[in-house]
Structures are given as structure tokens and as C-alpha cells.
Amino acid sequence: KVNDFIGYLDQGKLAATKCKDCGMVFFPPRADCYKCLTSNMEWVEVSGNGKLLTYSTLQYGPVGFENDLPYTIALLDYGQYKVFGRLSKDLDLDDVKVGMDLKAVGNKLANGQVNYVFVKP
């Protein structure tokens with residue numbers, strides 16, 4: 001039910017799901033709302049800027065990510081929901097400060113896969 005997430009990434013977009021009944025927004029996307037127990041969901045684009053809540057540079061990663069280290073993970077607050085992801089490697093970590101505005105954008109990897117990263121607006 002949430003496979004369209006990859007389709008949005010292929011288009012360079014990041015999407016969440018929103019419950020049409022109660023308005024709850026979910027990221028990562030969910031097929032069902034835990035608040036009102038419905039499957040009446042729609043896709044909404046993660047757009048605009050979020051506030052950086054926290055970040056951490058990883059020196060060790062899970063299996064499959066060993067060759068990508070180090071990388072920096074972060075959490076952005078978009079108000080109604082929070083988005084967890086990676087900071088773009090193009091960002092200078094000396095310029096990264098908690099509270100700064102960042103935005104999530106789709107990203108194509110060298111191996112052809114897609115993900116999303118946080119960049120300056």
C-alpha cells in the first residue's frame with residue numbers, strides 16, 4: 001500500500017501519507033492510521049522547510065552501508081510530523097546548527113537507487 005513512496009523518490013519528491021478522516025500525517029508513510037484505525041489515506045508531498053532538531057555523524061553503520069561511512073543522520077521538524085534522514089554530503093558540517101532550516105529532496109545514488117537527503121533551502 002505504500003510502494004508509491006519509491007515512485008515519488010524517482011520523481012525527486014518525498015511523500016508522506018495523511019489520514020483523510022482525522023488529518024494525521026505519517027512519515028515514514030503508513031497504509032493505516034493508528035489514531036482512528038482507518039485505511040482512508042492519501043499521499044501528501046513533504047515540502048517546505050523543516051527545523052533541524054538533532055543530528056549525528058555515524059562512523060559505523062548497518063550491514064549494506066559500510067562503504068558509505070561516515071554519513072550524518074538528522075531529524076527535521078515539519079510541524080505536523082517529523083522526518084528522519086541523512087544530511088547531504090554537500091553540506092559543510094561546520095555550518096550545520098540545531099534549529100536551522102533544511103528541506104528534504106529526492107536524490108539519485110551512483111548505483112541508480114534513489115533516496116532523499118536534507119539540504120539548505
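This is a predicted model: local features need pLDDT of at least 70, side-chain atom pairs count only at pLDDT 80 or more; totals for chains, interfaces and linings use all residues.
I began with the lining of the largest pocket, where α1, β5 (71-77), β6 and β8 (114-119) each supply at least two residues. Helices here are DSSP runs of H or I with at least four residues, strands are runs of E with at least two, and both are numbered from the N terminus. Residues are numbered from 1 along each chain as its sequence is written, and side-chain values use heavy atoms, with hydrogens and water left out.

**Pockets**

I looked up the volume of the largest pocket and found about 480 Å³. Its lining has 19 residues, and Phe65, Asp68, Arg86, Leu109 and Asn115 lie nearest the centre. By class, I noted 11 nonpolar, 6 polar and 2 charged residues in that lining. A pocket is an open set of points on a 1 Å grid over the protein atoms alone, where a 1.4 Å probe fits, with protein on both sides within 12 Å along at least five of seven lines; lining residues have an atom within 4 Å of a point.

Next came the second largest pocket, at about 250 Å³. Of its 16 lining residues, Tyr71, Arg86, Leu87, Ser88 and Lys89 are the closest to the centre. Two or more residues come from each of β5, β6, β7 and β8.

**Salt bridges**

How many salt bridges does the rule give? I got 2, taking a side-chain nitrogen of Lys or Arg within 4 Å of a carboxyl oxygen of Asp or Glu.

In one of them, Lys108 meets Asp10 at 3.9 Å, N to O. This pair links distant parts of the chain, with Lys108 in strand β7 and Asp10 in helix α1 (residues 4-10), 98 residues apart. I checked exposure too (buried is under 20% relative accessible area, exposed over 50%, partly exposed in between, with a 1.4 Å probe and protein chains only). Lys108 is exposed at 55%, and Asp10 is partly exposed at 44%.

I then turned to Asp101 and Lys51, whose closest N and O atoms are 3.0 Å apart in a salt bridge. Asp101 sits in strand β7 and Lys51 in strand β4 (residues 50-58), 50 residues apart. Asp101 is partly exposed at 31%, as is Lys51 at 41%.

Last, I looked up Leu93, which lies in the loop between β6 (82-87) and β7 (101-108). Leu93 counts as partly exposed because its relative accessibility is 36%.

How values were computed:
Grid points are joined across faces, edges and corners, and a volume is the space filled by probe spheres set on the points. Ala, Val, Leu, Ile, Met, Phe, Trp, Tyr, Cys and Pro count as nonpolar, Asp, Glu, Lys and Arg as charged, and the others, Gly among them, as polar.
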